[in-house]
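Colleague: I would like a close look at one annotated position in this model. Please walk me through its surroundings.

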Amino acid sequence: MKAVVLGAAGGIGQPLSLLLKANPAVTELALYDIVNSPGVAVDLSHIATPAKVQGFLPPDDGLKKALTGANVVVIPAGIPRKPGVSSRDDLFKINAGIVRDLATGIATTAPKAFVLVISNPVNSTVPIVAEVFKKHGVFDPKRIFGVTTLDVVRASTFVSEVLGDRSLSLSVSVPVVGGHSGVTIVPLLSQSSHPLPASLDAAAVDVLINRIQFGGDEVVKAKDGAGSATLSMAYAGAEFAGKVIRAVNGEKGIVTPTFVNLASDRTGGDALRKEIGKDLDYFSAPVELGVDGVAKIHGLGKITPAEKALVDAALPELSANIEKGVAFVEAPK
Ligand code: NAD
Ligand code: LMR
């Protein structure tokens with residue numbers, strides 16, 4: 001199982017690479033960045049776990065060498081938000097080109113790899129990867145994922161806080177659907193594995209929803225110029241990558257929310273389009289993972305009228321973000 005991290009020397013890349021090195025199912029780990037990746041690789045290589053670690057820089061075909069033989073490629077390359085950069089969409093100008101170029105490398109060197117996109121804006125960067133793969137004739141919608149796990153992790157944490165017992169956070173599970181930015185992040189609290197206290201009034205539920213949707217802002221503000229979430233994202237990214245690796249190795253029944261192309265499971269994708277009432281090509285929904293990537297896209301299940309309103313509110317921004325990603329590859333600006 002060869003895992004590759006593109007952007008491995010960054011705030012997310014380093015701790016994510018550490019967690020992947022700690023995963024005994026990973027036998028080879030390639031770290032690529034435009035700076036510092038060889039040092040990070042040598043540092044991690046001393047850890048007594050099976051993975052052989054190597055670091056690569058752009059010269060001498062470094063990207064190609066890193067990607068050769070890759071099974072799973074995780075992409076946290078790109079600039080993060082800071083105060084004054086108010087939305088993830090503001091990152092598009094720089095990150096779209098970075099992701100397009102890295103996707104070109106994957107499409108030409110490791111077209112069968114599972115691609116896990118962390119770089120923001122995820123709602124646009126995932127369509128960018130897909131369009132690049134289409135251009136190279138290697139597009140398989142089952143193999144490209146937008147990582148929305150941090151929203152799921154935040155939902156578990158914040159719900160356990162509302163329940164007054166942080167020890168529950170490991171077992172609290174809340175589906176978070178839609179996309180990965182502000183109002184496109186839709187937590188389905190009515191489906192929480194641990195119901196909210198009946199005493200919680202509507203205003204308090206709204207505060208909880210808002211905190212999950214805008215959790216990223218909380219970190220950007222607290223870091224005060226030093227970037228956005230890195231450690232919690234590394235944890236979330238390693239969780240998701242670990243699930244993909246387990247599914248690829250044959251474990252059945254792993255279901256987790258992720259932002260996917262709805263063509264990856266025609267039946268599930270079509271049913272989901274009907275449920276949301278819009279002809280979108282991408283949506284984050286609970287997805288069953290299998291040996292080939294996406295095995296089944298689940299529907300939203302029974303949602304409340306208030307949750308339906310949140311889904312409706314997400315659709316215009318989501319649709320615009322997706323179109324922007326697609327258009328970028330068709331006609332880069
Ligand atoms: P960072 O600046 O600390 O690290 C980014 C790394 O990417 C740097 O090491 C940089 O050298 C590298 N890089 C830049 N261009 C590259 C290229 N062409 N090829 C390879 N590497 C390249 O940023 P960060 O805090 O690690 O955040 C990275 C991205 O992840 C940002 O876009 C951020 O918004 C996003 N993010 C997403 C989520 C999510 O939930 N999906 C959560 C947090 C952050
Ligand atoms: C997050 O949710 O923390 C990330 O998408 C980073 C950000 O810009 O908020």
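Modeller: N120 touches G78, R88, L91, N95 and T125, leaving out residues up to four places away in sequence. Contact here means C-beta atoms, placed from the backbone, within 7 Å. This is a predicted model: local features need pLDDT of at least 70, side-chain atom pairs count only at pLDDT 80 or more, and totals for chains, interfaces and linings use all residues. Residues are numbered from 1 along each chain as its sequence is written, and chains are lettered from A and ligands numbered from 1 in the order in which they are written.

N120 sits in the loop between β5 (114-117) and α5 (122-135). Helices (H or I, at least four residues) and strands (E, at least two) are DSSP runs, numbered from the N terminus. N120 counts as buried because it has 26 C-beta neighbours inside 10 Å. The cut-offs are 20 or more other C-beta atoms within 10 Å for buried, 12 or fewer for exposed, and partly exposed in between; C-beta atoms are placed from the backbone.

Now the annotation. An unreviewed UniProt entry gives "binding site" at R81, R88, N120 and R154. Such annotations may be inferred rather than shown by experiment; feature names are shortened, and positions follow the numbering used here. R88 is also one of the residues that N120 touches.

R154 lies in helix α6 (residues 149-162). R154 is buried too, because 25 C-beta neighbours fall inside 10 Å. Its contacts, beyond neighbours within four places in sequence, are I212 and G215.

Methods: Contact = placed C-beta atoms within 7 Å.
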